[in-house]
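Please keep the sequence and the structure in view while reading.

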Amino acid sequence: MDIAEMERLVREATQDADLHPSEIPSIDLYLDQITSLVLEKKREASKHFEDRVLTKTMINNYSKDGLLSPIKGKKYSKEHILQMLLVYEMKNTLSIGEIKRILQNLYGHEAYDSRMLEEIYSNYLSLKELERVNAWDQIKRFAEDARLNVEDEGDFLTLLLGLCAMSSYLKNTVQLLLSAHYPELIDEKVREEQEKEEVKRQKAEQKAEAKRQKNTKETKEKKDDKKGKEKNADVSSEEGDA
């Protein structure tokens, strides 16, 4: 792979499309209208992001998990849509429990209102655009500082490993910042893991019980079949004696 092809791929990998607050109607919308609005915007992104859509099921789950403010009726306000978009942006890195704690802290802030939310989201999009624009230059500089030739197979693999390490460091940084700023998240995470283990245990028990019942039923059927055959043999024997 030459440097030009690598640049093209990096730009494609970072060329998503974001719905800006000014593009969100001020009137309340139904679920179908929201998903269509987001989908239409996502079509402006590179093909790499085609399958990353916001679905009705996802929105319903966000609501059930308490990630959105209470909804009246079947329509969602602009504030709700901004909340959905924030969750959507965080869910690839954070757990639902972590996102919930972050948003609950935000919603409970004394200065929180729809304007504050819109300002946060707008500032985030500005930062994201800056990251998108600088992504290739940063990766190129990373390779140059390490004196890597991307056209060399060994150097190319070394670069990939370095980028994987960088991704891991960034994710760990996010986790540590969360733990420091929201210490109660540690307890929630423990509870989440315990709940997951409990669900696994219950499923394993249900599976074992279903298997036991199946084996019992098959054993009974075999016994009944054997008894039936023995009975038929006895009848045939008696008829032969007669």
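On a 1 Å grid over the protein atoms alone, a cavity is a set of points where a 1.4 Å probe fits but cannot get out, whereas a pocket is an open set with protein on both sides within 12 Å along at least five of seven lines; a lining residue has an atom within 4 Å of a point. Grid points are joined across faces, edges and corners, and the space filled by probe spheres set on the points is the volume. The model is a predicted one, in which local features need pLDDT of at least 70 and side-chain atom pairs count only at pLDDT 80 or more, while totals for chains, interfaces and linings use all residues. Residues are numbered from 1 along each chain as its sequence is written, and side-chain values use heavy atoms, with hydrogens and water left out.

By the rule for cavities, the structure holds 2 cavities of 30 Å³ or more. The largest cavity has a volume of about 70 Å³. Its lining includes A17, D18, L19, L54, Y88 and Y121. Of the lining residues of the largest cavity, 7 are nonpolar, none is polar and 4 are charged; here Ala, Val, Leu, Ile, Met, Phe, Trp, Tyr, Cys and Pro count as nonpolar, Asp, Glu, Lys and Arg as charged, and the others, Gly among them, as polar.

The next topic is the secondary structure. Helices (H or I, at least four residues) and strands (E, at least two) are DSSP runs, numbered from the N terminus. The chain has 8 helices and 0 strands. Helix 2 and helix 4 each supply at least two residues to the lining of the largest cavity.

Which residues of the largest nonpolar core touch the most other members? A residue is buried under 20% relative accessible area, exposed over 50% and partly exposed in between (1.4 Å probe, protein chains only). A nonpolar core is a set of buried Ala, Val, Leu, Ile, Met, Phe, Trp, Tyr and Cys residues joined through side-chain atoms within 4.5 Å. The largest such core has 32 residues, and those that touch the most other members are I34, L54, I59 and Y62. Two or more residues of this core come from each of helix 2 (31-42), helix 3 (56-64), helix 4 (78-90), helix 5 (96-107) and helix 6 (114-145). Helix 4 gives the most to this core, with 7 residues. Apart from this core lies another, of 9 residues, among them M6, I139, L148 and L159. In soluble globular proteins, nonpolar side chains tend to be buried together. In the chain of 242 residues, buried residues make up 27%.

With contact meaning heavy atoms within 4.5 Å, Y62 touches L54, L67, L68, M84, V87, Y88 and K91, not counting residues up to four places away in sequence. Among contacts in the chain between residues at least 6 apart in sequence, 68% join residues at least 24 apart.

The largest pocket has a volume of about 2000 Å³. It is lined by 42 residues, and the closest to its centre are T93, Y124, K128, E131 and L170. Helix 1 (3-13), helix 4, helix 5, helix 6 and helix 7 (153-181) each give two or more residues to this lining. Helix 6 provides the largest share, 10 residues. By class, the lining of the largest pocket has 25 nonpolar, 7 polar and 10 charged residues.

Aromatic side chains come next. Rings of Phe, Tyr and Trp (its six-membered ring) pair if their centres lie within 6.5 Å; planes under 30 degrees apart count as stacked, over 60 as edge-to-face and the rest as tilted. The whole structure has 2 aromatic pairs. Why is the pair of Y107 and Y112 tilted? The ring centres of Y107 and Y112 are 5.3 Å apart and their planes lie at 55 degrees, so the pair is tilted. Y112 counts as buried, at 16% relative accessibility. Y121 and Y124 form a tilted pair, 6.4 Å centre to centre, with 40 degrees between the planes. Being 3 residues apart in helix 6, Y121 and Y124 are separated by about one helical turn. Y121 is buried, with a relative accessible area of 1%, whereas Y124 counts as partly exposed at 26% relative accessibility.
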